[in-house]
Amino acid sequence: MYALQQAKAGHAGAKEEVIRLDRIGKRFDGSEVLRDISLHLRKGEFVSLLGPSGSGKSTILNIMTGLEEADTGTVSIGGQIGYMQQKDLLLPWKTVIDNIALPLDLKGRNKKESRALAESLIDRVGLRGYEHRYPGEMSGGMKQRASFLRTLIASGEIMLLDEPFGALDSMTKSSMQQWLLEVQEAFGLTILFITHDIEEAILLSDRVYVLSSRPGTIKEELGVDFGVGDKRSRLVDPKLLKMKERIRSLL
Ligand SMILES: Nc1ncnc2c1ncn2[C@@H]1O[C@H](COP(=O)(O)OP(=O)(O)OP(=O)(O)O)[C@@H](O)[C@H]1O
């Protein structure tokens, strides 16, 4: 898998573009859902799409992955995409390790090799000791980490994450955010992250696209650069509040 072979290869600041959408438009049943959406991601970036419900965020990811077709505009993708959808659930009758290896099984890969690869990465997602548990025996955060690893193993260096932490309580959410930044660093991932949560977008991202709805358009693209320390220090930075207010005024 490319992402694993290229671990630590990509970090924010690298310039190569891996995704570009140019002037995308989309209608469903005659109703305009997306208008003139242009955005890009550079290798190693963490970019968020922040917007109200119905602004077309999931549709944008569906267009990137080819699940939906744009009516107008162009899509360029330069890498392997992994897509973790909102409804991405683990199969309750399979153990964690079998759930993680499932996409490889579906691709017809050797079962032993698939499990060995899943095993080798289980520490990275903090699930050592839980490999043979069933999803029903695990917390929401653990299930999300297993689901994330399943997506990562199946695909590649670009991860599209549709509200992965939306259903988690605030303490779990905050530890998962930290975990995600560490995994991004370890695997050199490029991440496009959908969220409703303004603070979450600011804490995690290098850039944020703010969308408005009906139809979904990009209201603003904001660079998040507080200048000092790692992203965790943003939590206590006075600039956080200002930026939150600014984004709230756009929504
Ligand atoms: N396949 C489809 N057929 C018809 N309408 C659709 C389809 N997919 C999405 N829509 C509509 O397009 C609009 C945008 O949906 P989308 O799920 O992309 O928004 P979103 O910003 O991701 O919303 P949320 O934050 O609630 O997940 C909604 O009004 C939705 O009902």
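Here are some exercises on a predicted model, each with a worked solution.

**Exercise 1. Work out how the chain is divided into domains, and what the side of domain 1 that touches domain 2 is made of.**

Start with the bounds. Domain 1 takes in 17-80 + 157-250, while domain 2 covers 92-155. Next, get the spacing: taken over C-alpha atoms, the centres of the two domains are 26 Å apart. Now look at who touches whom. On the domain 1 side, 12 residues are in contact with eight residues of domain 2. Helix H6 (residues 170-187) gives the largest share of that domain 1 side, with six residues. Finally, sort that side by class: you get nine nonpolar residues, three polar ones and no charged ones.

**Exercise 2. Find the strand order of the open sheet of three strands, and say which strands are at its edges.**

Step one is the order, which reads S2-S1-S4, with antiparallel pairing. Step two is the edges: strand S2 (31-42) and strand S4 (72-77) each pair on one side only, and that makes them the edge strands. From one strand to the next, the twist averages 15°.

Now zoom in on strand S1 (residues 17-28). Five bridges link S1 and S4 in the antiparallel sense. For a landmark, take Gly 25, whose bridge partner in S4 is Thr 72. While you're in strand S1, stop at Arg 23, which sits there too. Arg 23 isn't a glycine, yet its phi is positive, at about 55°. Most residues other than glycine have a negative phi, so that's one to check by eye.

**Exercise 3. Trace the open sheet of six strands and explain why one side of each edge strand is left without a neighbour in the sheet.**

Go across the sheet and you read S5-S6-S7-S3-S8-S9, with mixed pairing. At the edges stand strand S5 (81-84) and strand S9 (217-223); each has a single partner strand, so one side of each has no neighbour in the sheet. The twist averages 15° from one strand to the next.

S3 and S8 run parallel and are joined by four bridges, with Leu 50 opposite Val 210 in S8. Strand S8 (residues 207-212) and S9, on the other hand, pair in the antiparallel sense over six bridges. In that pair, Ser 212 stands opposite Thr 217, and Tyr 209 faces Glu 221.

Helix H5 (residues 140-154) lies across S5 and S6, and runs at about 155° to S5.

**Exercise 4. Describe how helix H3 packs with H4, and then with H5.**

Take H4 to begin with. Helix H3 (residues 96-106) and helix H4 (residues 111-121) have axes 9 Å apart and pack at about 130°. That angle makes H3 oblique to H4. The crossing is right-handed. Among the residues that meet are Ile 97, Ile 100 and Leu 104 from H3, and Lys 111, Arg 115 and Ala 118 from H4. Sorted by class, the contact of H3 with H4 has five nonpolar, one polar and four charged residues.

Now H5. The axes of H3 and H5 come within 8 Å, crossing at roughly 25°. H3 and H5 are therefore roughly parallel to each other. The crossing of H3 and H5 is right-handed. The contact includes Val 96, Leu 102 and Pro 103 of H3, along with Ala 146, Leu 149 and Ile 153 of H5. The class count for the contact of H3 with H5 is nine nonpolar, one polar and one charged.

Definitions and conventions
Residues are numbered from 1 along each chain as its sequence is written. This is a predicted model: local features need pLDDT of at least 70, side-chain atom pairs count only at pLDDT 80 or more; totals for chains, interfaces and linings use all residues. Domain bounds come from an automatic or database domain assignment. Two residues are in contact if their C-beta atoms, placed from the backbone, lie within 7 Å. Helices (H or I, at least four residues) and strands (E, at least two) are DSSP runs, numbered from the N terminus. Ala, Val, Leu, Ile, Met, Phe, Trp, Tyr, Cys and Pro count as nonpolar, Asp, Glu, Lys and Arg as charged, and the others, Gly among them, as polar. Two strands pair if DSSP finds at least two bridges between them. Axes are lines fitted to C-alpha atoms, for helices over the stretch in contact, and angles run from 0 to 180 degrees between N-to-C directions. Angles under 35 degrees count as roughly parallel, over 145 as roughly antiparallel, 65 to 115 as roughly perpendicular and the rest as oblique. A crossing is left-handed if the near helix is turned anticlockwise from the far one by less than a right angle, and right-handed if clockwise.
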